[in-house]
Amino acid sequence: MDSLKRHTDYGSQDFTEDTVLADPFDQFSAWLSDAEAEEVFEPNAMVLGTVDPDGRPSSRTVLLKGLSVEGFEFVTNYDSRKALALDAHPDVTALFPWYALKRQVIVYGSAQRLGAAESDAYWNRRPQGAQLASAASRQSQPVASRAELDAALADLETQYPEGAPVPRPENWGAYRIVPRVIEFWAGRSRRFHDRLVFTRSAGGSWDIIRLQP
């Protein structure tokens, strides 16, 4: 367990009220671009935290598929554990852990389903293989073996050969996280980190405060 005793210096790059962008979506986009430029693995991956219908917390990694001034968008199976949790408790967190850059962003907000048109648009952007895999999976449900999964996928591959359009399942679609708080965290030496938090006001503007590390 000696590896747990390691202490890495996080550097001294400034992240202050003078350097942060005034709009949190602009700041997020800038950091996401930095993560892409540094070839961070899956820079759009986020840890989505939810509360199950029975009140227990749950988390998993999903991919950010869309970003606008309205919020952060992702897709899923509506029968999955996460979707059932969102239906019961729409309040969520989404954490983007860019460890290689010594940065992270935490979004606090509420998730809402998007309409059929938005879900169709995301579905049509997916490679056919990903469409088939989504259609073949009863996400979060038990399965006897990998072979059973592979057989379900093979059946769909026969039904929809390469190039054939795959219809979007009715139980697959998009969500948008509408944020109320977005925290930007930047690592600093001696664990004296920078934490700048945007909070949406009643009028829709964003207020910035600094939290102690």
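This is a predicted model: local features need pLDDT of at least 70, side-chain atom pairs count only at pLDDT 80 or more; totals for chains, interfaces and linings use all residues.
Of the 213 residues of the protein, 38% count as buried, where buried means under 20% relative accessible area, exposed over 50%, and partly exposed in between (1.4 Å probe, protein chains only). Residues are numbered from 1 along each chain as its sequence is written, and side-chain values use heavy atoms, with hydrogens and water left out.

The secondary structure consists of 5 helices and 9 strands, each a DSSP run numbered from the N terminus (helices H or I, at least four residues; strands E, at least two). The order of the elements from the N terminus is α-β-β-β-β-α-β-β-α-α-α-β-β-β. Along the principal axes, the C-alpha atoms fill a box of roughly 55 × 50 × 40 Å. Among contacts (heavy atoms within 4.5 Å) with a separation of 6 or more, 63% are between residues 24 or more positions apart.

The interior was examined in terms of nonpolar cores, defined as sets of buried Ala, Val, Leu, Ile, Met, Phe, Trp, Tyr and Cys residues joined through side-chain atoms within 4.5 Å. In soluble globular proteins, nonpolar side chains tend to be buried together. The largest core has 33 residues, and those with the most contacts inside it are Phe 28, Phe 72, Phe 96, Trp 98, Val 105 and Ile 177. Two or more residues of this core come from each of helix H1 (24-37), strand S1 (45-51), S4, helix H2 (81-88), strand S5 (91-98), strand S6 (103-113), S7 and strand S8 (194-200). A second, separate core of 11 residues includes Val 75, Tyr 122, Leu 156 and Tyr 160. Beyond four places in sequence, Phe 96 touches Phe 28, Pro 43, Asn 44, Ala 45, Met 46, Leu 64, Phe 72, Arg 103, Gln 104, Val 105 and Val 107.

Helix H3 (residues 116-125) has Ser 119, Tyr 122 and Trp 123 as its buried residues. These lie on the same side of H3, because they cover an arc of only 100° around the axis, the arc being that of the directions from the helix axis to the C-beta atoms. An α-helix has 3.6 residues a turn, so residues three or four places apart point the same way. On the other side of H3, the exposed residues are Ala 117, Asn 124 and Arg 125. The packing partners of the buried residues of H3 are strand S3 (66-68), strand S4 (71-77), helix H4 (128-136) and strand S7 (172-186).

In helix H1, Gln 27 is buried at 5% relative accessibility. Apart from neighbours within four places in sequence, Gln 27 is in contact with Phe 15, Thr 19, Val 20, Leu 21 and Phe 184.

Pockets were located on a 1 Å grid over the protein atoms alone, as open sets of points where a 1.4 Å probe fits, with protein on both sides within 12 Å along at least five of seven lines; lining residues have an atom within 4 Å of a point. The largest pocket has a volume of about 370 Å³, a volume being the space filled by probe spheres set on the points, which are joined across faces, edges and corners. Its lining comprises 15 residues, of which Val 75, Lys 82, Arg 126, Ser 134 and Gln 139 lie nearest the centre. Strand S2 (57-63), S4 and H4 each supply at least two lining residues, and S4 gives the most, with 4. By class, this lining has 6 nonpolar, 6 polar and 3 charged residues (Ala, Val, Leu, Ile, Met, Phe, Trp, Tyr, Cys and Pro count as nonpolar, Asp, Glu, Lys and Arg as charged, and the others, Gly among them, as polar). The second largest pocket has a volume of about 280 Å³. Of its 16 lining residues, Gln 13, Asp 14, Trp 31, Leu 101 and Arg 103 are the closest to the centre.
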